[in-house]
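Welcome to this guided tour. Please open your viewer, get ready to select residues by number, and follow along stop by stop.

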Amino acid sequence: MAVATILWVDDEIENLQSQKLFLENKGYEVHTRTNGFDAVDFVKDNVLDVVLLDETMPGITGLETLQKIKEVSNIPVVMITKNETENLMEEAIGSQITDYLIKPVNPNQVLLCLKKIIDNKRLVGEKTTSAYQQQFRNLFMALNSNPDYNEWMEIYKRLVYWELEMEKSNSPEMREVFQTQKQEANTEFFKFISKNYISWVNGKSTEGPVMSHTLFKQKILPQVEKGVPTFFILIDNLRLDQWKAIQPIFAESFRINEEETFYSILPTATQYSRNAIFAGMLPVEIEKHYPDFWKNDDEEGSKNLHEEDFFKYQLKRLRREDIRYSYTKILNHNDGQQLVNNMHNLLANDLNIIVYNFVDMMSHARTEMEVLKELAGDETSYRSITRSWFEHSPLHQALKKIADKKINLVLATDHGSVRVNTPCKVIGDKQTTANLRYKHGRNLNYEPKEVLAFRDPRLAGLPVPNVNSSYIFARENAYLCYPNNYNYYVNYYRNTFQHGGVSMEEMIIPVIKMSSK
């Protein structure tokens with residue numbers, strides 16, 4: 001069986017017989033044509049791996065042939081040319097050639113070019129697999145060396161790196177090994193959070209990570225400088241791997257200066273973590289200072305209506321009222337279009353906050369809509385949808401409008417999400433909340449090993465909705481289901497992306513600093 005099937009198009013093909021023979025000896029099946037018209041007909045009627053195309057031929061030129069080939073097939077085309085002029089190269093590259101070679105070409109040059117195109121995926125896959133095998137032990141040792149909060153952020157970054165690299169691997173076995181290692185990491189991470197979380201949030205620990213309620217003070221306000229507008233973009237529910245999926249699109253327009261992470265507070269849910277970001281306070285303090293603005297899960301109405309008020313009070317507390325700022329929340333496509341139109345007016349402010357709700361809507365809708373269940377069935381497709389959304393979003397359009405201005409840009413999120421597939425039974429009364437990754441209520445009945453429980457929520461910086469209320473948080477990839485209609489809900493929510501609980505994906509989240517190029 002041939003290694004690959006090649007079509008070589010050149011009006012002087014008889015002079016290339018030795019090259020053809022060389023490739024055939026290496027296992028390639030080589031067909032030849034002497035003009036562009038015959039080449040296009042051959043491409044239409046045959047399955048090929050690569051076309052080698054001479055640029056200068058009588059009849060129609062190589063570039064014209066290339067155009068006609070691209071109209072009928074997506075096959076890789078290598079342009080072979082005597083002519084090194086810049087505009088010809090630009091035209092060829094713009095017409096999507098895969099590679100080009102300068103005449104006279106030697107046989108090894110052609111062979112290397114073919115290997116790069118045809119074997120690239122296999123070679124990259126094999127290299128990825130062997131590199132991960134070498135790293136596996138290092139990750140294992142890092143997990144078992146009692147990591148602190150900084151080391152956990154590094155471990156998670158490395159796991160995200162390998163998860164993205166594994167997409168290049170063609171070894172299902174290695175992917176399985178990786179998933180097992182990631183699961184072990186989440187098991188250890190759960191123990192780490194259970195042990196340290198309370199001391200971080202109630203001030204007993206002098207050492208603690210940047211968290212939702214300290215994000216503005218420590219990471220964003222220090223970026224704000226007079227005369228250079230800072231844009232703070234908060235994309236709701238954006239995991240670190242999803243940031244990595246959209247990073248190349250940002251890199252086209254902006255210089256990425258720092259890629260960091262911080263910790264979301266618990267519950268890793270919008271009403272808690274996002275209010276904490278804008279208030280610069282834990283939920284228990286928000287409820288105490290602004291009782292009219294705080295709503296618990298079981299109360300009617302939207303829980304995130306007062307972010308701008310909270311932010312205004314935070315600036316006052318930090319004595320930064322000199323900052324001229326705007327606050328824009330995007331809940332639908334129409335809001336997004338208005339943002340695009342208004343972008344230049346925002347350049348007059350020191351700080352512009354843009355809260356973009358799309359990813360969160362997508363993950364919730366994914367649970368409800370069968371189409372999205374199909375589209376985002378796993379992490380790879382979830383990243384792919386995120387990338388596709390951002391690329392075509394009003395947010396991307398809006399940012400491109402200011403990319404040539406001198407600005408600072410900080411991108412962050414309020415929490416991530418985790419794909420759930422381990423159901424856990426919880427019994428509660430009518431007051432118990434419905435979220436699948438955390439619950440609070442008065443008479444919760446659960447298996448203690450399966451959750452992180454706070455019997456006194458105030459110790460964890462959380463309000464007490466009712467007397468004797470306690471909070472429980474799902475660990476790793478678990479989701480909390482009631483006994484009534486149990487099997488229905490178990491099947492309905494299995495393999496959906498949820499948030500609110502304790503996992504690296506939900507808690508260790510990106511904060512990215514960028515500037516104009």
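## First stop: two prolines

Select Pro267, which sits in the loop between strand E7 (254–263) and helix H11 (270–279). Helices (H or I, at least four residues) and strands (E, at least two) are DSSP runs, numbered from the N terminus. Now show the bond that links Leu266 and Pro267: this peptide bond is cis, with omega about -10°. Next, go to Pro104, in the loop between strand E5 (99–102) and helix H5 (107–118). Its bond from Lys103 is cis as well, with omega near -5°. These are worth a look because most peptide bonds are trans.

A word on the ground rules: this is a predicted model, in which local features need pLDDT of at least 70 and side-chain atom pairs count only at pLDDT 80 or more, while totals for chains, interfaces and linings use all residues. Residues are numbered from 1 along each chain as its sequence is written, and side-chain values use heavy atoms, leaving out hydrogens and water.

## Zoom out

Show the whole protein and find its 20 helices and 18 strands. The C-alpha atoms fill a box of roughly 90 × 50 × 40 Å along the principal axes. Of the 517 residues, 53% are buried; buried means under 20% relative accessible area, exposed over 50%, and partly exposed in between (1.4 Å probe, protein chains only). How far apart in sequence are the residues that meet? Among contacts (heavy atoms within 4.5 Å) between residues at least 6 apart in sequence, 75% join residues at least 24 apart.

## Around strand E15

Select Phe473 in strand E15 (residues 470–474). Is Phe473 buried or exposed? Its relative accessibility is 0%, so Phe473 counts as buried.

Then move to Glu476, in the loop between E15 and E16. Glu476 has a positive phi of about 45° and is not a glycine. Most residues other than glycine have a negative phi. Glu476 counts as buried because its relative accessibility is 14%.

## A pocket to explore

Keep Glu476 selected, as it is one of the residues lining the second largest pocket. A pocket here is an open set of points on a 1 Å grid over the protein atoms alone, where a 1.4 Å probe fits, with protein on both sides within 12 Å along at least five of seven lines; lining residues have an atom within 4 Å of a point.

Select Tyr482, in the loop between strand E16 (478–481) and helix H19 (486–493). Tyr482 is partly exposed, with a relative accessible area of 26%. Which residues does Tyr482 touch, not counting those up to four places away in sequence? They are Val426, Thr432, Thr433, Ala434 and Lys439.

Finish at Asn495, in the loop between H19 and strand E17 (496–498). Asn495 is not a glycine, yet has a positive phi of about 65°. With a relative accessible area of 29%, Asn495 is partly exposed.
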